[in-house]
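Subject: Structure for your review

Dear colleague,

Please find below a structure that I am handing over to you. My notes on what was found in it follow directly after.

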Amino acid sequence: AAVPAVPYAADRSPDKGSVGVYLPPLRLLVVGAHLAGTNRHGVPEEEFDAVRVRQLSAAASAAERLLGAAAAEEPAVLVLGDLNFRVEVHPDP
């Protein structure tokens, strides 16, 4: 059976997200993330960079809310995953 489509916000993607684990003894937050990639419709990479930055900001805000008082201790943060940022190499002029 087909799964019905669920509407989602324009700056969201149903197959992307992040998960985090806080290790209090180490004051370490480990985050695994899969951020938006590019598309094949000619949209400039900079527009997707902005989406990815918003996604990282949303993850950071959620972590601060969930950690509460522990966030005031400024834990070390390790972000791993498919972040989909691109490295571009341009030839010298």
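The patch covers about 380 Å² of the surface and consists of Val53, Leu56, Val77, Val79 and Phe85. Patches are made of residues with over 30% relative accessible area and no salt bridge, with like charges joined within 9 Å and nonpolar side chains (Val, Leu, Ile, Met, Phe, Trp, Tyr) within 5 Å. A salt bridge is a side-chain nitrogen of Lys or Arg within 4 Å of a carboxyl oxygen of Asp or Glu. Accessible areas come from the Shrake-Rupley method with a 1.4 Å probe, and for residues only the protein chains shown count as cover.

The model is predicted: local features need pLDDT of at least 70, side-chain atom pairs count only at pLDDT 80 or more, and totals for chains, interfaces and linings use all residues. Residues are numbered from 1 along each chain as its sequence is written, and side-chain values use heavy atoms, leaving out hydrogens and water.

Most residues other than glycine have a negative phi. Arg27, however, has a positive phi near 50 degrees; Arg27 sits in the loop between strand E1 (17-23) and strand E2 (28-34) and is partly exposed at 39%. Glu74 likewise has a positive phi near 50 degrees, lies in the loop between H1 and E3, and is exposed at 65% relative accessible area.

Yours sincerely

Methods: Helix = DSSP H or I, 4+ residues; strand = E, 2+ residues; numbered from the N terminus. Buried < 20%, exposed > 50% of the residue type's maximum accessible area, 1.4 Å probe, protein only.
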